[in-house]
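Please review the model shown here.

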Amino acid sequence: MTQDFPDSPPVPNADLGYAGAAPVAGGNLPELSVSDLSRALKRTVEETYGYVRVRGEVSQPKRVSSGHLYLRLKDDQAVIEAVCWKGTVMRLAVKPEDGMEVVCTGRLTTYPGRSQYQLIIETMELAGEGALLKMLEERKRRLAAEGLFDAQRKRPLPFLPRVIGVVTSPTGAVIRDILHRLADRFPRHVLLWPVAVQGEAAAAQIARAIQGFNAIVPGGPVPRPDLLIVARGGGSLEDLMPFNEEIVVRAAAASQIPLISAVGHETDTTLIDFASDRRAPTPTAAAEMAVPVRAELLAQVMECGRRLEGTANRLLVERRSRVEGLARGLGDPRALLEGCAQRLDDRGERLALSMTGLIRRHRTEVAKLGAGLRHPAQVLGLAYARLDIAGRGLSGGVTRLVADRTSRVQALAPRLTPQPLARRVEEGGLRLADLGRRLDASFGRAVADGARRLEGQAKLLETLSYRGVLARGFALVTSAEGHPVTRAADAPAGGRVRVEFIDGAVGATLDGEGGAPAEAVRPASTSPTPKVRAPGRPGGQGSLF
């Protein structure tokens with residue numbers, strides 16, 4: 001404890017009978033209940049140790065379902081119970097972890113239900129830079145074990161981003177340095193997400209900014225950044241703590257947009273540097289990493305253009321020289337054509353001679369083949385002889401076939417009698433008569449069932465017919481085209497309508513007051529035309545009266 005305590009504890013009231021109050025000889029000690037004694041001790045402790053600062057190591061931190069935090073503070077000789085209420089837990093600067101050395105500020109009280117004293121924590125801070133570095137190292141090892149710092153997860157930066165998102169304070173010098181450096185190298189469109197870069201709320205704001213940039217839909221009203229820069233100026237380790245928070249590190253690792261971390265000076269290192277795709281030693285260096293130098297690119301493009309032009313010129317010169325050399329190696333085209341023309345004439349003369357000889361040879365072959373052919377009369381005579389022989393053989397075969405079939409029919413004739421056919425006809429007649437009776441019965445039942453269904457459908461149709469509605473005093477209003485008019489807004493002023501009652505229909509003309517008919521005219525076949533005017537109706541009922 002760092003508070004200066006009194007040299008000696010307060011002396012309890014002897015009248016209450018506390019230990020150490022010597023009883024008066026011959027007197028009686030006052031009798032106290034357990035609750036009275038507990039309340040007295042509680043008042044004494046709270047009045048004496050109303051506000052204290054305690055340094056110790058966190059042990060067994062436990063946050064219950066109600067949101068309250070219970071833990072123990074201990075050193076090498078003693079242990080004290082501590083409790084942090086739900087509203088205070090949300091405002092703590094550090095998240096207590098087992099083994100963390102902290103300095104807690106609060107008030108000392110007692111808990112009569114367990115006869116123990118405890119510290120009500122109001123603020124908590126790390127006890128020195130050594131404990132802070134130990135906590136950061138432990139957090140770094142845990143996040144690295146999850147793979148958030150793996151090199152395979154890091155994405156390359158775009159060569160020339162169209163839009164750059166910057167997460168930093170809008171009032172600091174960092175954003176001005178980044179904008180100035182981008183304007184010098186290559187002006188780009190910059191989106192600033194203003195956040196606090198120091199304090200308890202900074203970590204949550206930075207994480208929400210990274211997630212917000214990633215949530216922008218491409219092609220929307222707000223352009224989606226191609227590159228993110230999370231930047232802050234230099235400061236102490238405590239000032240840079242928001243960039244060491246786990247929520248910020250996880251947001252940077254989950255970012256789908258390539259991210260550059262530029263927190264602090266060159267010697268400052270935070271956990272977001274390990275999760276980002278590229279670490280910049282300063283915010284100015286981050287701007288230099290984001291875009292190339294426009295003047296250098298222009299110079300490089302001009303140099304490439306000059307080199308391309310020179311290369312093209314040299315290529316043309318080389319190709320021209322090569323064509324000229326090849327042309328010198330070729331002969332005169334006319335000399336080449338003269339030889340070809342002479343060979344063509346020779347081939348044409350030889351072709352005419354060869355055609356004459358070929359025709360002569362073919363004629364000789366045709367004469368030889370003609371001498372070996374028979375005369376058509378001889379061929380026909382041979383064919384007639386073969387046909388006569390085949391005709392005589394066919395006549396004898398037909399005679400034998402007829403005789404054979406005749407003998408088979410004569411053998412089968414005694415077996416053909418009408419008795420089986422008569423029996424089958426009689427049986428068929430009996431079955432036909434039975435089927436007729438069954439058909440008559442089933443047809444009668446079907447007609448009766450159909451009549452019952454028809455009667456039911458007629459009753460249902462009568463029930464659902466709008467004629468029943470007309471019989472109750474309503475009327476059906478239709479337009480001149482025959483369409484029902486169901487709303488007053490649908491009835492044109494001065495238009496013709498047809499009003500149908502239960503006993504007939506009449507024509508009517510609407511006036512301009514709420515779509516009510518101004519005049520009703522019966523058809524020529526009915527009685528004289530009555531004057532009809534609908535009484536005033538509420539909105540939406542102008543078509544029924």
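A residue counts as buried when its relative accessible area is under 20%. The model is a predicted one.

**Helix α10**

By that cut-off, 1 of the 39 residues of α10 is buried, so the helix lies largely in the open. Helix α10 runs over residues 333-371. From the first C-alpha to the last, α10 reaches 57 Å. That is close to the 57 Å expected at 1.5 Å a residue. An α-helix has 3.6 residues a turn, so residues three or four places apart point the same way.

**The parallel sheet**

An open sheet is formed by 5 strands. Their order is β7-β6-β8-β9-β10, and the pairing is parallel. Strands β7 (189-194) and β10 (278-279) sit at the edges, each pairing on one side only. Inside the order, β6 (residues 163-168) pairs with β8 (residues 227-232) over 4 bridges, in the parallel sense. V167 has V230 of β8 as its bridge partner.

V163 belongs to strand β6. Is V163 buried or exposed? V163 has a relative accessible area of 4%, and buried means under 20%, so V163 is buried. Leaving aside neighbours within four places in sequence, V163 is in contact with H189, L191, P223, R224, P225, D226 and L227. Of V163 and H189, the C-alpha atoms are 4.9 Å apart in space, while the residues are 26 apart in sequence.

| Largest pocket | about 1100 Å³ | 32 residues | 16 nonpolar, 3 polar, 13 charged |

The largest pocket has a volume of about 1100 Å³. Of its 32 lining residues, L92, A93, V94, K95 and E245 are the closest to the centre. Which element gives the largest share of the lining of the largest pocket? Helix α3 does, with 5 residues.

At least two lining residues each come from β1, β2 (69-74), β3 (79-84) and β5.

**Cavities**

How many cavities of 30 Å³ or more does the structure hold? There are 2. The second largest cavity holds about 40 Å³ of space. Its lining consists of R153, K154, R155, A252, A253, A275, S276 and D277. By class, these are 3 nonpolar, 1 polar and 4 charged.

**The loop at G494**

G494 is placed in the loop between β11 (476-479) and β12 (496-500). At 49% relative accessibility, G494 counts as partly exposed. The reason is the cut-off: exposed means over 50%, and buried means under 20%. Not counting residues up to four places away in sequence, G494 touches T509, L510 and D511. G494 and T509 are 15 residues apart in sequence. Their C-alpha atoms are 6.0 Å apart in space.

Notes:
Residues are numbered from 1 along each chain as its sequence is written. This is a predicted model: local features need pLDDT of at least 70, side-chain atom pairs count only at pLDDT 80 or more; totals for chains, interfaces and linings use all residues. Side-chain values use heavy atoms; hydrogens and water are left out. On a 1 Å grid over the protein atoms alone, a cavity is a set of points where a 1.4 Å probe fits but cannot get out, and a pocket is an open set with protein on both sides within 12 Å along at least five of seven lines; lining residues have an atom within 4 Å of a point. Grid points are joined across faces, edges and corners, and a volume is the space filled by probe spheres set on the points. Ala, Val, Leu, Ile, Met, Phe, Trp, Tyr, Cys and Pro count as nonpolar, Asp, Glu, Lys and Arg as charged, and the others, Gly among them, as polar. Two strands pair if DSSP finds at least two bridges between them. Buried means under 20% relative accessible area, exposed over 50%, partly exposed in between (1.4 Å probe, protein chains only). Contact means heavy atoms within 4.5 Å. The expected span of a helix is 1.5 Å times one less than its number of residues.
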